[in-house]
Amino acid sequence: QYDYGEPVELKVNKLDSVQTQLPYDYYSLPFCAPTKIEESAENLGEVLSGDRIENSLYKIQMKTIESCKVLCRKQYGKDDLKHFEERIKEEYRVNWIVDNMPAATKFYTQEVDANGDLQYQTHYEKGYALGFMGGEAALTEAGVAYVNNHIRIHLHYHENPASFYGYRIVGFEVEPFSVKHEIDGEWKETNKKLLTCTPLHKVTVGMTPQPVSLSSKDTEEIIWTYDVQWAKSDVKWASRWDLYLKMTDSQIHWFSIINSTAIVLFLSAMVAMIMMRTLHRDFRRYNEIEDDEEAKREETGWKLVHTDVFRPPEFATLLCVMVGTGYQLLGMAITTLFFAVLGFLSPANR
């Protein structure tokens, strides 16, 4: 739990896409980065899922509301803008973590109930979209990529003075926006005012978005901003993961699975081919009729060990224990990986 005003660390994670199945490090794109990027210690599950958890520049304090907080202002060249455009076209999503909880994006769908009435159903999706392609949204051009450079962070906390002291984070939602910011007056480090985002006039969907597609200009300026909103919740700490049960876990790294399977099959085929060639050569040699009796009695190759097969080894009990333990570990590893692929080990599916 946290005290009022205590810093809450926001960590960044990988960029992933269900279209390419290839995860990228968050800072593989030129986001606003701290002076020293530090990787967080990861458990086995995070390593197997390809997570790369690192620190960030976002400053959050418990129950402290922030509006139009400027993260950084950067000039991007054509190469950087091209990287953003490629990742947006490939439908990459950004993943964040606060208090070991991944960021979630809320969206609604219309469904018809049993009486024929339309109802809105709430759904959640892990992470948020890096950007979108123009054409359907207002003030956008078809074929132009737009980046979400303003993020509204919604954090939910639970308090119960009778049980514990302080506040516990039980929800982490993000709401991405794309806005082409305009500077109000002279830009100073102590006075970073924007015309497009003020505490009284927040960023909305209908504002002019921030394009990243290549244009006639050599550079493009992007101002990264964020809001922090806090809301009290009745959700208890033990139930804070229930939100992720509504998610559809579509992130199965089929590319990595197929790649690993192909490598294993290739290496197995190579070893099998070498062994078969060796055995065929020995069989052919033993089946040949030799005139020399001395050469006929001489045994070479793998047949030299035929007399050692039934000879009891030293420390036979220890060998049996080690072999049995190895098979048990191998069986448990295969079983664990099998259920992990099916998604049963995901906290969102518990």
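Let me begin with a term: a residue is called buried when its relative accessible area is under 20%, exposed when that area is over 50%, and partly exposed in between, using a 1.4 Å probe and protein chains only. What we have here is a predicted model, in which local features need pLDDT of at least 70 and side-chain atom pairs count only at pLDDT 80 or more, while totals for chains, interfaces and linings use all residues. Residues are numbered from 1 along each chain as its sequence is written, and side-chain values use heavy atoms, with hydrogens and water left out.

My topic is the disulfides, where a disulfide is a pair of cysteine sulfur atoms within 2.5 Å, and by that rule the count is 2. I will also mention strands and helices, which are DSSP runs numbered from the N terminus (helices H or I, at least four residues; strands E, at least two).

C32 sits in the loop between β1 (7-16) and α1 (44-48), whereas C72 belongs to strand β3 (residues 66-76), 40 residues apart. The torsion about this S-S bond is about -60 degrees, so the disulfide is left-handed, and both C32 and C72 are buried.

The other bond runs from C68 to C197, with S to S 1.8 Å. Because C68 lies in strand β3 and C197 in the loop between β12 (168-177) and β13 (210-211), the pair ties together parts 129 residues apart in sequence. Is C68 buried or exposed? At 10% relative accessibility, C68 counts as buried, and C197, at 4%, is buried too.

Finally, C320 is exposed, with a relative accessible area of 55%.
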